Amino acid sequence: MLRLPVFDVAAPDKLTDALRSLADSQAGARPLGGGTDLLPNVKLGQTRMAMALLLRGVGELRGIERRGDNLWLGAGNTLAQVAQDEQVRDALPALAHAASRVASPQIRNMATLGGNLCLDTRCRYINQSEFWRQALGGCLKSHGSECHVVPGGQGCVAALSSDTAPALIAYDATVEIASWRDEGVQTREVPLAELYDSDGTRHVRLESTELLVGVRAPVPGLNVRVGHRKWAVRKSIDFPLISVALRLELDGALAAGGKLVVGVLGPRPRVLDLKAFAGRALAPDFARDLGQLAFDRCRPLPNVPYDAEYRRERLPVEVRRLALSLFGDQAAQS
Ligand SMILES: Cc1cc2nc3c(=O)[nH]c(=O)nc-3n(C[C@H](O)[C@H](O)[C@H](O)COP(=O)(O)OP(=O)(O)OC[C@H]3O[C@@H](n4cnc5c(N)ncnc54)[C@H](O)[C@@H]3O)c2cc1C
Ligand code: SF4
């Protein structure tokens, strides 16, 4: 049985106290939302932690509210709250769908939105015991010098398996980040897509003193449709093998642009622009061409379990089905 090592615990109830603790800990503290990703990784020796900074009691990280043309969601909301909230279901249904498809009800009751967005990258060679990894000589992410997914590769290509990240990127969401500096709270806001780096060993662009406070997503108008689709082997609990979100911007009955966001490829979601499809009718051939775009531009790697070639063949099917679900009756009539 894998045991947790000994570490300190801090449980602040104010954002300023949480940020101060992070600043004081000199990179030894780790924010802990629900712990459903962090604690297994600490058990596996994949992540070191001198202190767990429990965020559950921090009131400023909770709540979902309309702020002008945006919906604001605190990073400390559980995924169950995000999935069930009426405002989210009305304004950002693809996010509600993505949150509702993460893991199992028990995990969604613990897991937070912030933790889902800051999820560590996953790889079949790293999500193993320390003993197992050492037998292989480690890898770029674990005390080694070689990548086993891309032999000879210079960077870690472990996959971000977050289901909410593709959906929120499709909604053009931004994230609010805070830290304690010069005896005060400093904040910055960045587009969610820019939070991620292509290096799987350090794919979340946050300093060790920074916390993700919340997410701001512009509520789409009537001319925008956004959807999310996930494929996993077992529907009820598994990590995604494909997680895609599609944003369609319309001009009347025709496409005007949008984006396709493909997750679980590497350390950050791939964003494909759909300007070239402007003027297309919402018909089955358009859905097929979106699938072909994903097939041509995205190449799943053997980083997560399951056959990479099958994932590649499956991706255009999932994209086509997602597009058809957004076209609705228009595709049936064309
Ligand atoms: C069996 C199983 C199945 C799973 N299936 C899925 C799945 O289908 N889809 C999916 O997306 N995930 C899945 N997960 C992974 C995980 O449960 C979820 O992603 C969950 O949302 C993580 O949230 P958390 O609050 O528990 O994160 P934590 O474990 O608390 O934290 C994760 C990371 O985020 C950091 N962090 C947390 N909050 C903040 C913050 N506010 N600011 C800065 N950093 C922060 C932590 O330091 C840590 O590095 C699964 C996990 C298990 C065990
Ligand atoms: S992608 Fe390569 S370097 Fe990264 S965890 Fe997997 S084997 Fe290690």
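Me: Which polar side-chain atom lies 2.6 Å from an oxygen atom of ligand 1?

Reply: In this predicted model, that atom belongs to Lys230. A polar contact is a pair of N or O atoms within 3.5 Å; within protein, one must be able to donate a hydrogen and the other to accept it, and residues adjacent in sequence count only if both atoms are side-chain atoms. Residues are numbered from 1 along each chain as its sequence is written, while chains are lettered from A and ligands numbered from 1 in the order in which they are written. Local features need pLDDT of at least 70, side-chain atom pairs count only at pLDDT 80 or more, totals for chains, interfaces and linings use all residues, and side-chain values use heavy atoms, with hydrogens and water left out.

Me: How many residues surround ligand 1?

Reply: A residue is near a molecule if one of its heavy atoms lies within 4 Å of it. Here 32 residues surround ligand 1, and the closest are Pro31, Thr36, Leu38, Thr112 and Lys230. Leu38 places a backbone N or O atom 2.7 Å from an oxygen atom of the ligand. In the side chain of Asp163, an N or O atom is 2.8 Å from a nitrogen atom of ligand 1.

Me: With which residue does Lys230 form a salt bridge?

Reply: Side chains of opposite charge can pair when their charged atoms come close. The rule asks for a side-chain nitrogen of Lys or Arg within 4 Å of a carboxyl oxygen of Asp or Glu. Lys230 pairs with Asp163, their closest N and O atoms being 3.0 Å apart. Lys230 lies in strand S9 (residues 224-231) and Asp163 in the loop between helix H8 (130-135) and H9, so the pair ties together parts that are 67 residues apart in sequence. Helices (H or I, at least four residues) and strands (E, at least two) are DSSP runs, numbered from the N terminus. The count by the salt-bridge rule comes to 18.

Me: How is the protein chain divided into domains?

Reply: Domain bounds come from an automatic or database domain assignment. Domain 1 covers 59-118 + 159-218, and domain 2 covers 224-333. Contact means heavy atoms within 4.5 Å; 26 residues from domain 1 and 25 residues from domain 2 take part.

Me: How many salt bridges cross the interface of domain 1 and domain 2?

Reply: The rule finds three across that interface. Asp172 also forms a salt bridge, with Arg247, at 3.7 Å between the closest N and O atoms.
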